[in-house]
There are 2 protein chains.
Amino acid sequence: MLIVQKFGGTSVGDLERIQNVANRVVETKKAGNNVVVVVSAMSGETNKLVAYAEHFSKNPSRGEMDMLLSSGERVTASLLAIALCEMGYDAVSMSGRRAGIVTDNIHTKARIEEIDPAAMNKAIKEGKIVVVAGFQGVSQDGNVTTLGRGGSDLSAVAIAGALRADLCEIYTDVSGIFTTDPRIEPKAKKLNKISYEEMLELASLGAKVLQNRSVELAKKLNVNLVTRTSFSNEEGTLITKEENIMEKPLVSGIALDKNQARISLMGVKDRPGIASDIFNKLAEAEVNIDMIIQNIGQDGTANIDFTVAVGDLFDAKAVVDLFVESGDIREESYDENICKVSIVGVGMKSHTGVAAKAFATMAAENININMISTSEIKVSMVIAEKYAELAVRSLHSAYELDK
Amino acid sequence: MLIVQKFGGTSVGDLERIQNVANRVVETKKAGNNVVVVVSAMSGETNKLVAYAEHFSKNPSRGEMDMLLSSGERVTASLLAIALCEMGYDAVSMSGRRAGIVTDNIHTKARIEEIDPAAMNKAIKEGKIVVVAGFQGVSQDGNVTTLGRGGSDLSAVAIAGALRADLCEIYTDVSGIFTTDPRIEPKAKKLNKISYEEMLELASLGAKVLQNRSVELAKKLNVNLVTRTSFSNEEGTLITKEENIMEKPLVSGIALDKNQARISLMGVKDRPGIASDIFNKLAEAEVNIDMIIQNIGQDGTANIDFTVAVGDLFDAKAVVDLFVESGDIREESYDENICKVSIVGVGMKSHTGVAAKAFATMAAENININMISTSEIKVSMVIAEKYAELAVRSLHSAYELDK
């Protein structure tokens, strides 16, 4: 097999951990696999360099930041290659450029445009372990770029796609994807397999193991992704396409997002386009709207409720205030003490009664549901934040996820 | 004017010093010049990375060391560019590769083969200050290389040559080249100008401001080199071709080298090729010979005296021992308590009596001269180490270098 293994900052946080990574890579190689390793900067290094830059400028050039920050991954890559060679395995480190990772020229947030895998393939054919500096590439005009937050994961997935690797393992400090947050429900079980679509729903709903960009890219490139921990030999969770998952559970997991605020607009004037006006202005203010509910009151005016991330609340208020001043909205109110609980599972597509069971479970616990939104593989409910953990545990048990 | 300015590790040792460098670069730019800056890694960084590598391997691959170590200069280059931009000057950092520095593929000790100055010239034409990561280049097959000890100086000189710069300023913690070591003779004067040839003699004789490789390259490329300090605005010393120096002093400086040991071979058998045998074996053992004196004794056997660097003494002894065992040499003796004092000056070419004055000065101080060697622009004398400082001061005064 050809396996791409990606190790994040904490996995390569010090020299001893880099040696552990080397041991793991060697095990994989010994088992008869070809290995391409993608590494992040040692944890703390990137922050140190950012602090250096901020010493000189509050708004440093993005191109220079890329030149600066890309050095961290190069250091880890060469150190790991040195460790592997010392263990008797032929290894070679490559910068993003050397590995053929070509991006657009949006510095600090570049997108991978294509990968020329020639140098990597040549080294693999020579029996070498290839160690690639993650998070970075080179633009068409020859400048170093970086891929932004979670960039090393993207590097790994894109490389796995370009090399048609059998597996792309993302090593973190978490052992995989769980049916829910184990800090809330100790009975949470690690999932063996999950579909890209479910993972995307779970990630956007709060599971922070993998960024959506990486999962989306894996889905697009048809890369079998595994998340697992670098601190033990425990098996991780395979994220793959739905067809590869034989037993499709009704519900795969329960996600919780406490980072939500509800905005209620009461007495919204009954004139055409008013809702569109409001949400356009919110979009211009770069406020991301999650759920929206509208109902018509008895006086003909509408009530509109919507949720935003807590961080966007200030900007959202500023927009809404203008409509209240102009008289288009009679009254506004805010609630930061809410949360969103979601049930995710591909099995829902072909089963009925999943949502009904969720509502019944909430009712049995006397938890009032403020808002509901559903998709093909997801049911989300907004409830008071104080019930968050109770709701998660009840749902986890109702769908028998602890079994 | 187009000026190349090179700042070494101590000049960019911390963020405050990098800011000082930025200020100096801006002054040069403000005075109407185009500026290309070459920087080293922040002092301590390279040692830190070497220690990291040695944690994993006593003999790390040289290619990986280059990948590892080249990151230090990139960090400094981007930080300086950020500082310059913040001051309102358009600046761009470049890796060795980006600056077009192509080397052979002898990792960790690469030689610059050619420089493609297109990217630098384009940026200069756009009014930008170019900041180049020193010490590094790229081999024809696309791998990062480093230039070895003193590599950033070499980068600067080579870039100055490729860009046909008017001046290449090397900033260190010393304010220039002195008539002799001011710690020995406080009356030592800073030289305004000195020829490449004199500098080469002074450097190999102990003045450690510039490595000979850099001076040789400057001579070859006809680059006007200035060494000066980054810690004050004091003018430095211009190192240039002899024709550019109008007033040619008889003697420019007195150099002292205490790192010398003398090996005396007595009763060397009178057979053809014996001396050649001995020195061939020493060369094979990589012992560098400095001065050699041979005289024939009354019994027909020869006495041979030669000097080596103290560090080579152990290896030299091992070679000589073999000849003593075989009976080709009757007796060997060693003296580490010697030093070499040298008088250097292009003026000697056209003047007589320079050497005679040196010998007379030594005689007046009752200092015995063990060995003498001369070249067109140099007289070197080996004397007992205890007289080193006295000899330097006497000669400095005899040639009126304090005037």
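**Note on the predicted model of chains A and B**

1. The centres of domain 1 and domain 2 of chain A, taken over C-alpha atoms, are 40 Å apart in this predicted model. Domain 1 covers 2-172 and domain 2 covers 254-398, with bounds that come from an automatic or database domain assignment.

2. A word on conventions, if I may. Residues are numbered from 1 along each chain as its sequence is written, while chains are lettered from A and ligands numbered from 1 in the order in which they are written. As the model is predicted, local features need pLDDT of at least 70 and side-chain atom pairs count only at pLDDT 80 or more, whereas totals for chains, interfaces and linings use all residues.

3. Chain A holds 11 helices and 18 strands (DSSP runs numbered from the N terminus: H or I of at least four residues for helices, E of at least two for strands). Its radius of gyration is 24 Å, close to the 22 Å that the globule rule gives for 403 residues, so chain A is as compact as a globular protein of that length. That radius is taken over C-alpha atoms, and the rule is 2.2 Å times the number of residues to the power 0.38. Along the principal axes, the C-alpha atoms of chain A fill a box of roughly 80 × 55 × 30 Å.

4. Of the 403 residues in chain A, 48% are buried (20 or more other C-beta atoms within 10 Å of a residue's own, with C-beta atoms placed from the backbone). Among contacts in chain A with a separation of 6 or more, 74% involve residues 24 or more positions apart; a contact requires C-beta atoms, placed from the backbone, within 7 Å.

5. Do have a look at the open sheet of 6 strands in chain A, ordered S14-S15-S13-S16-S18-S17 with antiparallel pairing. Two strands pair if DSSP finds at least two bridges between them. Strands S14 (289-296) and S17 (371-375) of chain A are the edges, each pairing on one side only, and the twist averages 25° from one strand to the next.

6. Within chain A, the antiparallel strands S13 (residues 253-268) and S16 (residues 329-344) are joined by 12 bridges. A:Val268 has A:Ile329 in S16(A) as its bridge partner.

7. Finally, the interface: 26 residues of chain B are in contact with 25 residues of chain A. On the chain B side, helices H1 (15-30), H2 (45-56) and H3 (62-86) each give two or more residues, and H3(B) gives the most, with 13 residues.

Notes
Buried ≥ 20, exposed ≤ 12 C-beta atoms within 10 Å, placed from the backbone. Contact = placed C-beta atoms within 7 Å. Axes fitted to C-alpha atoms, helices over the stretch in contact; angles between N-to-C directions.
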